[in-house]
Amino acid sequence: MVNVPRVVIAAPASGHGKTTVATGLLAAFAARGMRVAPFKVGPDYIDPGYHSLAAGRPGRNLDPVMVGEDLIGPLFAHGSAGTDLAVIEGVMGLYDGRTGAGDTGSTAHVAALLDAPVLLVVDAAAQGRSVAALVHGFRSFGTVRLAGVILNRVGSDRHEALLREACEEVGTPVLGALRRADAVAAPARHLGLIPAAERRAEAVASVAALASLVASAVDLDAVLAVARSVPPLAATPWSPAAENPVPGRPVVAIAGGPAFTFAYAETAELLSGAGAEVVTVDPLRDEALPEHTAALVVGGGFPEVYAAELSANEPLRLAVASLAAADLPIVAECAGLLWLCRTLDGRPMCGVLDAEAAMTPTLTLGYRDAVALSDSPLFPAGSRITGHEFHRTTAHPRSGLLLEPAGGAAWAWRGADPEGFATPTLQASYLHLHWAADRAIARRVVAQAARMFAG
């Protein structure tokens, strides 16, 4: 049983201020000396970076579409172990889930799985008494427990009084009212907020400002009382440890730094649990792979923003190409795919893939129920998994079909041509995966690393 107090921060839609409130609450409670656990619903990678700064521990994702609803409780128990409070930031609107699947994958879905109360953040900048109708609608629709409202972007004392009175009419307490504050705004670009790792000093200052803002505008004791009102959650903590870890501690390098910030915390934990020595390499700074590297994992991020710097790091590009030539396993998602191409926006990259990548104005976004078309370090051909795409770039060609018989395309899913590149020792694709969905993924990578390196 899990007895960690918990609360979900939701909103009627995107843009109401969930990240502002969730990050501010984490920072404010941490400033009180509490151990706080941050979570984000869905496949978002950027918000957890700000959560991590605020909480001082990894921000984690809870995504029932990617990992299955049976793992949400165990992953929550793992990520919140030893803490005093868990704050779970929602995704989009409270009931917005996977397209065509009702509320599956929504904030409401996760709140129900965790038996957690919901605080609704409402952007009140252009609202008056009508806020009562909005709040009443969200409280009466569905089965989650709406425990209160936090008003955002309130204009004045008079405006706040009007909004509070309206919410009281429908029996929903207002637990906070935040005024407009430029100091807490985070800059954005083509895929949302700029990750905290890319603006560390400014992000730290922004999180500190959020802590002060939320502490002065939100009734923290009332929020804590809501979080403590939850019943015990029947869940056994998830563990990344493999039953039969690979011997020898092969070195698995994971790309990090400002250019590669999209990664789930569980990926490194699973690799370590499978027997690897996990070492981070920053392609913007490091000119060599870690000593004795036997495998490379490259997640998502923004290499298009750092194309010039990545291209200028020729020693590391050549090292990655040599790793591939030695048939040591390489796994790359999205940004990693771009880095492995011959060029990105005309600049030389690692040249592992016979493909060229470029920015595009078109956003590609959504869950994909995919089947593996070729054997790779992750899966044998025919395996099925659900992943997520999120990018404004293209790779040409789209897949490695022309690589056969040495390899081929990585994935197929309904409504699209085959995608990605796969050989028995490499997989590079736009598809983001959550490795906790299948703990065998990490062990396959580590086992192949140990076998190939030894050979």
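Is D417 buried or exposed? At 56% relative accessibility, D417 counts as exposed. This residue belongs to a predicted model of a protein chain with 14 helices and 20 strands.

**Overall form**

- The protein chain has 455 residues and a radius of gyration of 23 Å, which agrees with the value near 23 Å for a compact globule with that number of residues.
- Along its principal axes, the C-alpha trace spans about 70 × 45 × 45 Å.
- Buried residues account for 58% of the 455 residues.
- The chain exposes about 17600 Å², and carbon and sulfur atoms supply 53% of that area.
- Of the contacts between residues at least 6 apart in sequence, 74% join residues at least 24 apart.

- D417 is located in the loop between strand 18 and strand 19 (421-423).

- Strand 10 pairs with strand 11 in the parallel sense, over five bridges.
- Within this pairing, A253 has V279 of strand 11 as its bridge partner.
- Strand 7 (residues 174-179) is mostly covered, with five of its six residues buried.
- Strand 6 (residues 146-154) runs parallel to strand 7, and four bridges join the two.
- A177 in strand 7 stands opposite L151.

- Which residues of helix 10 are buried? They are E266, T267, L270, L271 and G273.
- These residues cover an arc of only 165 degrees around the axis, which puts them on the same side of helix 10.
- The buried residues of helix 10 pack against several strands: strand 3 (60-62), strand 10, strand 11 (277-281) and strand 12.
- They also pack against two helices, helix 4 (72-80) and helix 14 (440-454).
- Just after helix 10, G275 takes a positive phi of about 115 degrees.

**Aromatic residues**

- A search of the whole structure finds eight aromatic pairs.
- One of them is formed by F262 and F302; this pair is edge-to-face, with 5.4 Å centre to centre and 80 degrees between the planes.
- F262 lies in the loop between strand 10 and helix 10 (265-273), while F302 lies in the loop between strand 12 (293-298) and helix 11 (307-312), so the pair ties together parts that are 40 residues apart in sequence.
- F262 is buried, at 4% relative accessibility.
- F302 is likewise buried, at 0% relative accessibility.
- Both residues belong to one aromatic cluster, formed by Y45, F262, Y264 and F302.

**Backbone features in loops**

- Most residues other than glycine have a negative phi, and most peptide bonds are trans.
- D115 has a positive phi of about 50 degrees, although D115 is not a glycine.
- The position of D115 is in the loop between helix 5 (107-114) and strand 5 (118-123), and this residue is partly exposed, with a relative accessible area of 42%.
- R249, another residue other than glycine, has a positive phi near 50 degrees.
- R249 is placed in the loop between helix 9 (220-227) and strand 10, and R249 counts as partly exposed at 45% relative accessibility.
- A cis peptide bond, with omega about 0 degrees, joins H396 and P397.
- P397 is situated in the loop between strand 17 (384-396) and strand 18 (411-412).

Key:
Residues are numbered from 1 along each chain as its sequence is written. This is a predicted model: local features need pLDDT of at least 70, side-chain atom pairs count only at pLDDT 80 or more; totals for chains, interfaces and linings use all residues. Side-chain values use heavy atoms; hydrogens and water are left out. Rings of Phe, Tyr and Trp (its six-membered ring) pair if their centres lie within 6.5 Å; planes under 30 degrees apart count as stacked, over 60 as edge-to-face and the rest as tilted. Buried means under 20% relative accessible area, exposed over 50%, partly exposed in between (1.4 Å probe, protein chains only). The arc is that of the directions from the helix axis to the C-beta atoms. Contact means heavy atoms within 4.5 Å. The radius of gyration is taken over C-alpha atoms; the globule rule is 2.2 Å times the number of residues to the power 0.38. Accessible areas come from the Shrake-Rupley method with a 1.4 Å probe; for residues, only the protein chains shown count as cover. Two strands pair if DSSP finds at least two bridges between them.
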